[in-house]
Amino acid sequence: MTSNGLISQALALQASYLFLEGKSKDENLASWNRWELVKTGLYQSSVVILVLATEIGLKAILKLTVGQFKRIHDLKKLYDSMPEVHREGISKIFNSKIENSDCTLDSVLKKHRKLFTDFRYLEGSINITPSLPQLNSALDSMINYYNEIKKE
């Protein structure tokens with residue numbers, strides 16, 4: 001990524017921060033370009049936050065069930081390091097939330113496996129279009145599963 005691309009992303013993220021904090025004046029947002037910048041920053045923030053939350057959800061289940069987790073960001077590797085019984089439990093919940101029978105928890109985690117690192121380091125191009133609704137369903141499944149096993 002070029003330096004112009006990097007500074008543009010930084011500016012978009014800053015614009016979304018200012019917007020969320022209420023520090024951006026309404027007249028500044030009246031400009032279409034400014035609003036597009038805010039939307040771009042909010043989208044970038046959403047991707048990073050959702051991928052990070054998914055990583056933390058996986059690590060919470062690993063900590064609860066195994067007592068430890070690998071210090072990595074790869075969603076698929078974290079999921080694969082989980083005992084099969086827990087992978088199956090999360091997948092069962094995920095499958096009940098997803099209407100598309102071709103979409104599996106495994107495929108969602110594989111697709112987004114390094115997205116946090118890709119967005120964080122911005123080296124090269126990001127070769128996927130994130131499926132945020134699917135990733136959110138994966139995270140929601142992890143949270144539900146965590147709450148189920150925590151009760152036991």
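User: How many helices and strands does the secondary structure of the protein chain come to?
Analyst: This is a predicted model, in which local features need pLDDT of at least 70, side-chain atom pairs count only at pLDDT 80 or more, and totals for chains, interfaces and linings use all residues. Residues are numbered from 1 along each chain as its sequence is written, and side-chain values use heavy atoms, with hydrogens and water left out. Helices (H or I, at least four residues) and strands (E, at least two) are DSSP runs, numbered from the N terminus. On that basis the protein chain has eight helices and zero strands.

User: What percentage of the 152 residues of the protein chain count as buried?
Analyst: Buried means under 20% relative accessible area, exposed over 50%, and partly exposed in between (1.4 Å probe, protein chains only). Of the 152 residues, the buried share is 35%.

User: Is Phe19 buried, partly exposed or exposed?
Analyst: Phe19 lies in helix α1 (residues 3–20). Its relative accessibility is 30%, so Phe19 is partly exposed.

User: Which residues is Leu58 in contact with, leaving aside its neighbours within four places in sequence?
Analyst: Contact means heavy atoms within 4.5 Å. With neighbours within four places in sequence left aside, the partners of Leu58 are Leu75, Leu78, Tyr79, Met82 and Met142.

User: Are α5 and α8 parallel, antiparallel, perpendicular or oblique to each other?
Analyst: Axes are lines fitted to C-alpha atoms, for helices over the stretch in contact, and angles run from 0 to 180 degrees between N-to-C directions. The axes of α5 and α8 are 8 Å apart, at an angle of about 125°. Angles under 35 degrees count as roughly parallel, over 145 as roughly antiparallel, 65 to 115 as roughly perpendicular and the rest as oblique. The two helices, α5 and α8, are therefore oblique.
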